[in-house]
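Please find below a short note on the structure, arranged as numbered points. The points take up charged pairs, then pockets, then the surface.

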Amino acid sequence: MAEDVFQEVSILAVRKREDIASLAHLPAWLRKSAKFEALNALRKQQRDPLVFNEKVLDLIESEWAGFDHKTADMLNALERCMGELSDYARDLLRQRYRENLTGQSLAQRMGRPMNTVYVALSRAHSALAECMQRRTSAHS
């Protein structure tokens, strides 16, 4: 059931992408959508009683909302850190994660040896990790 809810929220996010104000707004939007989709799935199933009523879920939501600021800070830091990478490293990461390409597929697409691509990905990951560490520790 959780996988079904996740899939429904993912589809809804794609359909409503224009309604999502910004990356900072995304976590709250996802939580609220997941809450409603989960409640709907449980109501449809009706064989198991709800563990939490909606008031409890609203309280949980208000607690989670406190994390939105941290999430927005992390997303902003990631965006800035991505901007500090070389065009090649940025392109590799985008293809790897946005297009879900394997290292072998990336190597074939880029016309480079697989080991070269793996080394470049490793360096990009390290650079991102170092940058994120600097940026997030500066805001702590």
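**Notes on the predicted model**

1. In this predicted model, arginine 134 and glutamate 84 are joined through their side chains by a salt bridge, with an N to O distance of 3.5 Å. The two partners belong to distant parts of the chain: arginine 134 sits in helix α7 (residues 114-139) and glutamate 84 in helix α4, 50 residues apart. Arginine 134 is partly exposed, at 49% relative accessibility, and glutamate 84 is likewise classed as partly exposed, at 45%.

2. Glutamate 84 also forms a salt bridge with arginine 135, where the closest N and O atoms are 2.8 Å apart. Because arginine 135 lies in helix α7 and glutamate 84 in helix α4, this pair ties together parts that are 51 residues apart in sequence.

3. Glutamate 99 is in the loop between α5 and α6 (103-110) and arginine 109 is in helix α6, so the pair connects parts ten residues apart in sequence. Both are partly exposed: glutamate 99 at 42% relative accessibility and arginine 109 at 48%. Shared partners join Glu84, Arg134 and Arg135 into one salt-bridge network. The count for the model is four salt bridges.

4. The largest pocket holds about 310 Å³ of space. Its lining consists of Leu23, Leu75, Leu78, Glu79, Met82, Leu93, Arg94, Tyr97, Arg98 and Leu128. Helices α4 (68-84) and α5 (87-98) are the elements that give two or more residues to this lining. By class, the lining has seven nonpolar and three charged residues, with no polar ones.

5. The second largest pocket contains about 260 Å³ of space. Among its lining residues are Met1, Phe6, Ser10, Arg31, Lys35 and Leu42. At least two lining residues come from each of α1 (2-15) and α2 (26-45), and α2 provides the largest share, six residues. Nine of the lining residues are nonpolar, one is polar and two are charged.

6. Valine 56 is placed in helix α3 (residues 54-65). With a relative accessible area of 31%, valine 56 is partly exposed; patch residues must have over 30%, so valine 56 passes that cut-off.

Terms used. Residues numbered from 1 in each chain as written. Predicted model: local features only at pLDDT ≥ 70, side-chain atom pairs only at ≥ 80, totals over all residues. Heavy atoms only, no water. Helix = DSSP H or I, 4+ residues; strand = E, 2+ residues; numbered from the N terminus. Buried < 20%, exposed > 50% of the residue type's maximum accessible area, 1.4 Å probe, protein only. 1 Å grid on protein atoms, 1.4 Å probe; cavity = no way out; pocket = protein on both sides within 12 Å on 5 of 7 lines; lining within 4 Å. Points joined across faces, edges and corners; volume = space filled by probe spheres on them. Nonpolar A, V, L, I, M, F, W, Y, C, P; charged D, E, K, R; others polar.
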